[in-house]
Amino acid sequence: MKTVCLYFQVHQPLRLKTYRFFNMGKDHNYLDVSANRSIMQRVAAECYLPMNNLLLRLIKENEGAFKVTFSISGLAIEQFRSYTPEVLDSFRELAKTGCVEFLAESYSHSLSSLISPEEFKKEVEAHTALMKEEFGYTPTSFRNTELIYSDVIGEQVAAMGFKAMLAEGARHVLGWKSPNFVYANSLEQKLRVLLRNYKLSDDIAFRFSNQGWGEYPLTAEKYAGWIADENTTGEVVNLFMDYETFGEHQKASSGIFDFVASLPKAMLATGALKFGTVTETAAANQPTGVLYCTHAMSWADEERDVTAWLGNELQNEAFGKLYGLQEKVHELNNEDFNYVWNFMKASDHFYYMATKWFSDGDVHSYFNPYDSAYNAFINYMNVLSDFANEIEIALAEKE
Amino acid sequence: MRVLMFGWEFPPHIAGGLGTACYGLTRGLARNGVEVIFVVPKAYGDEDQRFIRVVNASDVDAVYRSGEADSEIWRNVKFMEINSNMVPYISPEQFERERSRSEKVGEVHHEGDVWRERYNFSGKYGANLMEEVARYALVARQVAIELEGQFDVIHAHDWLTYYAGIAAKEVSGKPLVVHMHATEYDRSGENINTQTYAIERGGMEAADLVMAVSNLTRNIIINKYGIPAEKVITVHNAVRFADNDQEVERGVKDKIVTFLGRITYQKGPDYFVEAAAKVLKRTPNVRFVMAGSGDMMNHVIRRVARLGIADKFHFTGFLKGADVQKMFALSDVYVMPSVSEPFGISPLEAMRSNVPTIISKQSGVAEVLDYAVKVDYWDVDAMADAIYGLVTYPALGELFARKGLEEVNGLKWNTAAAKIKEGYERVINQMNNKN
């Protein structure tokens, strides 16, 4: 019996408005409120609400046999509160079923784990508190921004008391090994690691509506057949993807919702598959081996590394300058400053500054408000410079 | 004295400095008692005609005579795509806009006699620029015929109008003055467009007198185009200011050092960046602003990021109208590090806004200014020193601002126009003596 672990990532950044040099020192409203609102409302209508309702129905129909796992970034929750509180309600409904797990993550969907263990920990604590507040739920497992993982990050996550963590089943890390087993972190073997099966995950996330794909159209039966097939070795099959896959990346007209609707029955009908949440799946299967990952990997782009966010001098400069403010922001400990600090840390800003847009350009340009990496950088730095300036002023006043 | 003048643009419909310079110059000429008939490829009807008469080349029927195709003009012109480097005083945005627009205009309208064609000039710097340049010459011939007896001398501004000037001279026998506002070497460095170069050179050879906007330009004309020195005179540009001084509230306390212009090789933006990095090492309370856009912009942004100064170095993108004045009003130091600048009006605008100015020695404007710090464009240490001095020692900055304003207010088009008038008289006398 193989366990299918379905996990969905929910995140929306707070997008910056066009913030010019002339705004500096005078205007401290950095956000494009109308874009953030309209995108959130659109995605809620096309994805979050219909998909939540569908999952709720499927969970009820299958009486406990169908389970899913979510992680929702702090920034997404902030925007649900402001623009689409009904989405939060529907997640609460899902939480009540007992068949849905919520993972902890970095509050800001940030890259803090790559630079500051202290900031990383703060963010995870803030996010855990938020989960408790919104869903009355205390996460037991963890997933990092964009599945960023390394031995050291895993060790930190274990130290925070989490039992399992998600990572990419990256070929350059796994080598001949299969992602379809539970692994242990190399530095702290208590921490179990679930690895994404990118082939099967991307069949849904990227290829589902691609009519040029040899397997098009993908039916739930065919897909369940692949997973149940004895050629798919292993004990767990981890299907991790953006929640926006459903209704946004794959539009409703592609039949994605019908596919999902048929999936639980098709999987269970094989007799060889069952569903499990992340913590449950990690606990039920003994690690088959230790995963060695000295350099940070992620689920992004062909390279499966962190160069989508920190791959050129623009990104490195912005990243360095941002985290240069960390101590001062904490020293101030002011609600308004923390709010800005949180949305400025979102990895998305750095993603917009990527210049390696070849094979993965489509993904990078999705939801991207800028027409070039350079404009993204200029705008971000203008906001950051003003923010830094305001921090200095506030600190001077404090003394 | 009456002059038939060929330009490419005229305020208010301008893409850059050429039209502005022509306007100031014609006003000055009018004050000196010179009558000007100003021909532009496309007139809009709202030009300021208090001082001159504007002729719209789009309204003129150009008559194609038999054998026209063999004429000198047509033989030397091939139609070609242009790149933005060929055109003076134009921003890349403007170029993109104009190029896409020029695909729509520029058709020949047949009205009756197929040998009489009226050409609807765009008067822009579009993709079919070369074709417009050649057609402009045909129209100029017609204009010169129709206006026979109404002018004593012909004056053509920049290479775009040189064929027109030559054509007018051919039919009227009047002397020709050509005015070099920029050379192909200023626009493109050593990698010149040979076609543009040939037009410039041909125009200057055919002319009776060449006017250069600076000694720097005059030297290029003599050395690189082989024009005899006695045929080339320098007439420094002047500047006219509209009274739109605005008070701008400053957002940041830091001193602001500004570069304003196209971000292209010619303007030396990378030297500004290197100097900024040096200054920021010594004093944190300065911000640098690069206003403009251009083909080197991304390169410059990367360099700023790599130097780790992006929190103190800001890009505004291309600025228009009031934003330009606003930028000057916010600035504490203005830097023009041009690698090659035939004249350079922008430091004068900065000085007019009470901003102390650093200019490269490789600019024509350096020849007329005393109260501007002059450095070699490549000497980033000297540039950094000057910036540091002006932002750190208020007395120095104030002195340059005050004296600079007086100086810039003394640069009058009337003076420049008087010199131009002398030039006219010289060629008219030469012509009379010959006959």
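Mentor: The buried residues of α4(A) pack against α2 (74-83), α3 (85-96), β3 (100-102), α5 (151-159) and α12 (326-332) of chain A. Contact here requires that the C-beta atoms of two residues, placed from the backbone, lie within 7 Å. Helices (H or I, at least four residues) and strands (E, at least two) are DSSP runs, numbered from the N terminus. This is a predicted model, in which local features need pLDDT of at least 70 and side-chain atom pairs count only at pLDDT 80 or more, while totals for chains, interfaces and linings use all residues. Residues are numbered from 1 along each chain as its sequence is written, and chains are lettered from A and ligands numbered from 1 in the order in which they are written.

The buried set in α4(A) consists of A:Glu119, A:Phe120, A:Glu123, A:Val124, A:His127, A:Thr128, A:Met131 and A:Phe135. A residue is buried if 20 or more other C-beta atoms lie within 10 Å of its own, exposed if 12 or fewer, and partly exposed in between, again with C-beta atoms placed from the backbone. An α-helix has 3.6 residues a turn, so residues three or four places apart point the same way. The length of α4(A) agrees with expectation: its 19 residues, 117-135, should span 27 Å at 1.5 Å a residue, and the end C-alpha atoms are 27 Å apart. The expected span is 1.5 Å times one less than the number of residues.

The backbone on either side of α4(A) deserves a look. Just after the helix, A:Gly136 takes a positive phi of about 60°. In the loop between β3 and α4 of chain A, A:His109 has a positive phi of about 55° although it is not a glycine. A:His109 is also buried, with 28 other C-beta atoms within 10 Å. A:Leu147, in the loop between β4 (141-142) and α5 of chain A, is another non-glycine with a positive phi, about 60°. With 23 C-beta neighbours inside 10 Å, A:Leu147 counts as buried. Most residues other than glycine have a negative phi, and most peptide bonds are trans. Chain A has a cis bond from A:Tyr216 to A:Pro217, with omega near 0°, and A:Pro217 is found in the loop between α7 (198-205) and α8 (220-228).

Chain A also touches chain B. The contact takes 20 residues from chain A and 16 residues from chain B. On the chain A side, α11 (313-323) and α16 (373-398) each supply at least two residues, and α16(A) gives the largest share, 9 residues. By class, that side has 11 nonpolar, 4 polar and 5 charged residues. Ala, Val, Leu, Ile, Met, Phe, Trp, Tyr, Cys and Pro count as nonpolar, Asp, Glu, Lys and Arg as charged, and the others, Gly among them, as polar.

Chain B has 15 helices and 16 strands, and 51% of its 435 residues are buried. Helix α4 (residues 129-146) and helix α5 (residues 162-172) of chain B pack at about 30°, with axes 7 Å apart. Axes are lines fitted to C-alpha atoms, for helices over the stretch in contact, and angles run from 0 to 180 degrees between N-to-C directions. α4(B) and α5(B) are therefore roughly parallel; angles under 35 degrees count as such, over 145 as roughly antiparallel, 65 to 115 as roughly perpendicular and the rest as oblique. Their crossing is right-handed. A crossing is right-handed if the near helix is turned clockwise from the far one by less than a right angle, and left-handed if anticlockwise. The residues of this contact divide into 13 nonpolar, 1 polar and 1 charged.

α5(B) has 9 of its 11 residues buried, so it is largely enclosed by the rest of the structure. Its axis also comes within 9 Å of that of helix α7 (residues 194-206) of chain B, crossing at roughly 30°. That makes α5(B) roughly parallel to α7(B), and the crossing is left-handed. The residues of the contact of α5(B) with α7(B) divide into 5 nonpolar, 3 polar and 2 charged. Just after α5(B), B:Gly173 takes a positive phi of about 75°.
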